[in-house]
Amino acid sequence: MKGTHTGWTEEEDAALKRTVHDARKKRLPLKAAFDEIARETDRKPNSVRNHYYTQLKPAETAEPAFLPFTEEETDRLLNTVLLALGQGQSVRACTLTMANGDTRRMLRFQNKYRALLKTQPDRVYAARRALIEQGHLVPDPFVRDPDTPHVGRPPKPSGELETRIRALLDNLCRNLIALTQGETAG
């Protein structure tokens, strides 16, 4: 199933549906299904999750796959998230509250906010400026707080670092094998 990531094949969609169905039957979290399909298709788990909720899940529930935001909804979302950030809340926690615990709606809000950061930074800065002028404490959403741990997959090591890590692991494996065979580790 591995290949390019220009789209999803019918085979990949079927495998995802089947894996989600099996996870539900076993009462496993859907994340387990998304992780499994991510490994099989060489995609990121979040990409698998997003594809499921935007393309496959709506077909199961007869809900529309995509609901565009109005300008008013976009402004309300932006202001709500920026104010929550100023109170120390995460984007995820804020959008989950906005969605009343509905993870599908939360994902929609979170993705829209992230898209605004990426595609409309001037709009984000204007909203921030307006909130600051109203007396609110609003951090710069484009500056990462060094005290906040990074969430997500760590970057793959490359070059010299990868070589050193592989050598360290090889040496560790040799030592473990030697110890299990009663030899002295070197």
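Predicted model: local features only at pLDDT ≥ 70, side-chain atom pairs only at ≥ 80, totals over all residues.
Student: With which residue does Y125 form an aromatic pair, and what is the angle between the planes?

Tutor: The partner of Y125 is F142, with the ring centres 4.9 Å apart. Y125 lies in helix α7 (residues 121-133) and F142 in the loop between α7 and α8 (159-180), so the pair ties together parts that are 17 residues apart in sequence. F142 is itself partly exposed, at 33% relative accessibility. The pair of Y125 with F142 is tilted, and the angle between the planes is 35°.

Student: Which residues form one aromatic cluster with F34?

Tutor: The whole structure holds five aromatic pairs. One of them is tilted and joins F34 to Y52, at 5.6 Å centre to centre and 50° between the planes. This pair links helix α2 (residues 30-41) with helix α3 (residues 45-61), its members being 18 residues apart. Both F34 and Y52 are buried, and the residues that form one cluster with F34 are Y52 and Y53.

Student: Over the ring of which residue does the charged end of R43 sit?

Tutor: R43 also meets E12 in a salt bridge, at 3.0 Å from N to O. R43 lies in the loop between α2 and α3 and E12 in helix α1 (residues 10-25), so this contact ties together parts that are 31 residues apart in sequence. Both R43 and E12 are buried. The charged end of R43 is 4.1 Å from the centre of the ring over which it sits, that of W8.

Student: Which residues are linked with R123 in a network of salt bridges?

Tutor: R123 forms a salt bridge with D75, where the closest N and O atoms are 2.8 Å apart. R123 lies in helix α7 and D75 in helix α4 (residues 71-86), so the two tie together parts that are 48 residues apart in sequence. D75 counts as partly exposed, at 36% relative accessibility. The residues linked with R123 in the network are E71 and D75.

Student: How far apart are the closest N and O atoms of D35 and K31?

Tutor: D35 and K31 are four residues apart in helix α2, so about one helical turn separates them. K31 counts as exposed, at 54% relative accessibility. The two residues form a salt bridge, and the distance between their closest N and O atoms is 2.9 Å.

Key: Residues numbered from 1 in each chain as written. Heavy atoms only, no water. Phe/Tyr/Trp six-rings, centres within 6.5 Å; stacked < 30°, edge-to-face > 60°. Buried < 20%, exposed > 50% of the residue type's maximum accessible area, 1.4 Å probe, protein only. Lys NZ or Arg CZ within 6 Å of the ring centre and 35° of its normal. Salt bridge = Lys/Arg side-chain N within 4 Å of Asp/Glu carboxyl O.
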